[in-house]
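Come along and check each entry against the picture.

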Amino acid sequence: MLKKGTTSSNWVRGIADTLSAQGLDAAALFAQAGLRIENLDQVDFCWPSERISKLWTIAAERAGNPDIGLFDPDRPRPDNYGVVSYAMMSSPDLETSLARMIRYHRLVSDAATLSLEPGTGGKWARVEILGGEYPIPRQRYDYVMQTLLAFCRWMLGRPLRPLAATFTHQVPSSLVAYNEAFGAPLRFDAPFNGLLISNEDLASKLLTASPELAVLHDRMAGQALRALESAGVSYRARQAVARHLPNGAPMRATIAAELKMSDHTFQRRLTTEGTSFTKLIDETRRELVQHHLADTQLSSSEIAYLLGYADQSTFFRATLRWFGESPGEYRARVAAGP
């Protein structure tokens, strides 16, 4: 799961709020998807993209509402974007705001991309969510596109009607929620997911524009992005370790070489980031086992193999050390929910 992309707590908190507002038990849904809602308290927690997809699928089934991602279409949700929202809001016009969203989007998620591309009469704000083994449900795209549009409308201080809205998924059984959310000509089974925004709207001044704050917020977002990119040795190392684990715990020199640095430099960088290679392997296994145990199709022996353990007894002892319970007890507790 570590190598499939992640999403920020700010964004996931918005999802949790949306589910709760519809009368759903968000904590139970998170647990069923192999997630712990308590991790929302950790601002820097990285939420695995595929588990977010699973969360939306479970939530839609539990609610009996495939349009669950389009709930409350007028809510702007600026807090979903964290520091990026400030850089967007203080921009002089909508196009500059969207350009800043594209520039800093990794602060929101590295599991999705946003781009502006030429279209007839305007530009397409295209959204792509990076996939993996778990299929991306339409609710996830619905939520991303509705949230972006609502935020743009809020910054403009007026209705914004896209020239078109396209979706890669099939035509839903009802278009009521889509018409209410987007107010634009709709196309399904399209080659991409996106909103066509007119040139006039893109050039419109934002109600929230502030030239003085724009410089400050741009600098803040830029610093946050540079910090994310420069302080990621342990994060990238965990990704590499996760790829090697099925063949057993890798050597430190192997991971250092994969990250294109000497063993000495790699060890020094891990120390600077407050960790060690031994601790990094243990933390990677601990994070992975939470996801694997939530998947009832995987047996304990299969999970032990995926984590690089030579035998089940070692895996059993590690689970007791991490969670104070056996793999079977942990799995049963997660399945039962809070």
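My entries below go from the sheet to the helices on it, and then to the cavity.

**Entry 1: the model.** I noted at the start that this is a predicted model.

**Entry 2: the sheet.** In what order do the strands of the open sheet stand? I found five strands in the order β3-β4-β7-β5-β6, with mixed pairing. Next I asked which strands stand at the edges. They are β3 and β6 (186–187), and each has a single partner strand, so one side of each is left without a neighbour in the sheet.

**Entry 3: β3 and β4.** I looked up how these two strands are joined. They run antiparallel, and eight bridges link them. One pair I could point to is Thr 113, which stands opposite Glu 128 in β4. The two strands form a hairpin with two residues between them. I also wrote down Gly 121 from this hairpin, where phi is positive, near 85°.

**Entry 4: β4 and β7.** On to the next pair in the sheet. How many bridges does β4 make with β7 (residues 193–198)? I counted six, and the pairing is antiparallel.

Entry 5: Helix α5 (residues 94–104) lies across β3, β4 and β7, and runs at about 145° to β3. Helix α6 also packs on the sheet, where it touches β3, β4, β5 (164–166) and β7. The direction of α6 makes about 140° with that of β4.

**Entry 6: the cavity.** How many cavities of 30 Å³ or more does a search of the whole structure find? The search gave me one, and the space in the largest cavity is about 220 Å³. It is lined by 20 residues, and those closest to its centre are Trp 11, His 105, Val 108, Ala 112 and Val 144.

**Entry 7: its lining.** I listed the elements that give two or more residues to this lining: α1 (9–21), α3 (49–63), β3 (112–119), β4 (122–129) and α6 (138–156). Which of them gives the largest share? That is α6, with four residues. Sorted by class, the lining has 15 nonpolar, four polar and one charged residues.

How values were computed: Residues numbered from 1 in each chain as written. Predicted model: local features only at pLDDT ≥ 70, side-chain atom pairs only at ≥ 80, totals over all residues. Heavy atoms only, no water. 1 Å grid on protein atoms, 1.4 Å probe; cavity = no way out; pocket = protein on both sides within 12 Å on 5 of 7 lines; lining within 4 Å. Points joined across faces, edges and corners; volume = space filled by probe spheres on them. Nonpolar A, V, L, I, M, F, W, Y, C, P; charged D, E, K, R; others polar. Pairing = 2+ DSSP bridges. Contact = heavy atoms within 4.5 Å. Axes fitted to C-alpha atoms, helices over the stretch in contact; angles between N-to-C directions.
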